[in-house]
Amino acid sequence: MDEELISKKELLELTGISYGQLYRWKRKSLIPDEWFIRKSTFTGQETFFPKARVLSRIEKILSMKEDASLDDLADMFSPDCGSLSLDRDEVLRRGIALPDIVDMYAELSGAGQEFGINDILCVYLLSRHITSGDLSLPEGRTMAELLKEGLIRFHGSACDLILARKLGVFFCFMTSPPCDICADSGFRVIAKINIPSVIEELKLKLI
Amino acid sequence: MSANNNKRPDLRINGSGSASGGAYDSVRINGSGRISGDVDCNEFVVHGSGEASGKVESKTFKINGSGHVVGELKTNELKVNGSATFHSAVKGGNVTVSGSADLRESLNASTVRVTGSIKVEGGCSAEEFEAQGIFEIGGLLTADTVDVRLYWHKSQAREIGGGKITVGVGKSGLGVLASIFSLGAHYPSLEAETIEGDEITLENTTAKVVRGNNVTIGNGCDIGLVEYTGAYRETGGAKVAEHRKI
C-alpha cells in the first residue's frame, strides 16, 4: 500500500506552518511519530509524511486551535480514550447510530444503557455500514463480535477493520498495520476501516 | 496515585539495605540501598547510592550521590545532583541535572536544565531545554526553546528541531587555563545532522543542513547547507558551503 509522501519542506511551504509549530505538535502527539518517515536523499536524511493524512490533520488542527488547547486536541487525536461513556439516549441524540441498531447491539453485548467508547465505535460502524447496505443484520452481528474482541487485543493502538465477502459469504478481520494482505481472486473487500480515524470522527461528534 | 496517601507507610533505608517495592508515602535512602519491584510514592530521595530495579512513579525524585533506575520513571520533578543512570524511558515534569545523567532510552519532560552532562540514547523532548556543558542525544532533540552553552568538548544530537534554537560557547571562568585546554581535544563544539527551527543562532556547530526562518551562523561553524525563509546572517569565522533563501 504505497501512499504518496510529502517532504517536510514542501509540507511547511504548502501549509504555511513553521518548524516550531510542527515540532510542538509532534511533541504533543498531534502528529503521530509514525508519520515522520526518515528517508535517505542526496542531501542526506530527509523527513517525509503520508501526504493526504498529514495535510488533513494539519487542516483540522489549524481550524480548531482557536477554541481548544493543544492538550485537548491531543486527547482528540489520540486513539486511546478509555474513560468516555454515554448512555443510550445520548448516543441517539448525537446522531451516532440508529435506534434499532443501538438496541440490537445492547441485546447482543449485554451493554445495558451505558456505552463505553468501544461500544459507541461499534454501533457507529454498524449503523454506517448497515444503512449503506454493505452489511445485513446478521453480518453486522459478526462484525460486532469481532470488534469487541479486536479492540481489546489492539488496545489503543492503530488497527484496521476489513470487511470482505467471498462467493457471497461474509467475513471480517482486523489487522494491526503495517500489514499487507494478499488474497485469492474471489476475495472482495467491502470496506477497509481505519479505526483511529473513525475514533477521530466520533470525537468530533462527541465534543 | 491513590488519594488516601496518609495511610501509606514511609520507607527508610539508613546504612545499607534492601527493600521491596510497593506504595509508599516517602522513600528515603541514606547510605546505600536497593529496592526491588515497582515503587509508587510521593517522594523518592537518595543520599548516597540507590537503585530501583523496577518502575518508579513518584511526585518528586531526587538523587544526591548516585542513582540507578532500571524500570521506567515517571515524576513531576526530577533532580540529579551527582550521577544517575536510567535504563528505561523517563517522563519528568521539571528535570534538573547537576552532574551527569545517562538515559538509555528517552526523555520526555516539560523543562530540562543541565549543568554538566546528559546523555540520551533515544529522543529528548521538552518545552524548554537548557544545557551548560555537554549533551549527547541519539535521536531527536526537540523543544520550543533550545538554549545551549557548550563547554569542554563535543556535544552531539542527531537532529534538533524546535522554535528558538541558540547554541553558544560557554565562557569559562578559568581564563588562561581554559585557553590552554581548548588547544587540545577540549574544544567545545556541537555536531548534528540537521537543525530546524524558527530562530536559529549557532556557534561552533557542525551540521549538514540547517533550515529555519531567521538564521545566524556564527564563528566556528561548519555547515553544508543553510535554507532560510526570513533573514540570514553569517559572521566572518563561519564556514557555510551553500545558503539559499526559499
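## A buried helix and a charged interface

In helix α7 of chain A, the residues Ile117(A), Asp119(A), Ile120(A), Leu121(A), Cys122(A), Val123(A), Tyr124(A), Leu125(A), Leu126(A), Ser127(A), His129(A) and Ile130(A) are buried, where buried means under 20% relative accessible area, exposed means over 50%, and partly exposed lies in between (1.4 Å probe, protein chains only). This is a predicted model, in which local features need pLDDT of at least 70 and side-chain atom pairs count only at pLDDT 80 or more, while totals for chains, interfaces and linings use all residues. Residues are numbered from 1 along each chain as its sequence is written, chains are lettered from A and ligands numbered from 1 in the order in which they are written, and side-chain values use heavy atoms, with hydrogens and water left out.

With twelve of its 15 residues buried, α7(A) is mostly covered. Helices (H or I, at least four residues) and strands (E, at least two) are DSSP runs, numbered from the N terminus. The expected span of a helix is 1.5 Å times one less than its number of residues, so the 15 residues of α7(A), residues 117-131, should span 21 Å, and this agrees with its end C-alpha atoms, which are 21 Å apart. Just after this helix, Gly133(A) takes a positive phi of about 85°.

We now turn to the place where the two chains touch. Here 24 residues of chain B are in contact with 15 residues of chain A, contact meaning heavy atoms within 4.5 Å. The size of an interface is often given as the accessible area lost when the parts come together. Between chain B and chain A the buried area is about 1500 Å², of which carbon and sulfur atoms give 46%; buried area is the accessible area (1.4 Å probe) that two parts lose on being put together, summed over both.

How many salt bridges are there between chain B and chain A? The count is eight, a salt bridge being a side-chain nitrogen of Lys or Arg within 4 Å of a carboxyl oxygen of Asp or Glu. The side chains of Asp144(B) and Arg24(A) form a salt bridge, at 2.8 Å from N to O. On chain B, the side that touches chain A draws at least two residues from each of β8 (128-150), β9 (154-169), β10 (189-202) and β11 (205-217). The largest share, six residues, comes from β9(B). By kind, the residues on this side of chain B divide into six nonpolar, eight polar and ten charged, where Ala, Val, Leu, Ile, Met, Phe, Trp, Tyr, Cys and Pro count as nonpolar, Asp, Glu, Lys and Arg as charged, and the others, Gly among them, as polar.

Over all chains, the count comes to 28 salt bridges. In chain A, Lys166(A) and Asp184(A) meet in one at 3.2 Å, N to O. Lys166(A) lies in strand β6 (residues 160-166) and Asp184(A) in the loop between β7 (169-175) and β8 (187-194), so the pair ties together parts of chain A that are 18 residues apart in sequence. Lys166(A) is partly exposed at 31% relative accessibility, and Asp184(A) is partly exposed at 43%.

In chain B, the closest N and O atoms of Arg211(B) and Glu227(B) are 3.0 Å apart, in a salt bridge. This pair links distant parts of the chain, with Arg211(B) in β11 and Glu227(B) in β12 (residues 222-228), 16 residues apart. Arg211(B) and Glu227(B) are both buried. They also belong to a network of salt bridges that links Lys8(A), Lys9(A), Glu46(A), Glu196(B), Arg211(B), Glu227(B), Glu242(B) and Arg244(B).
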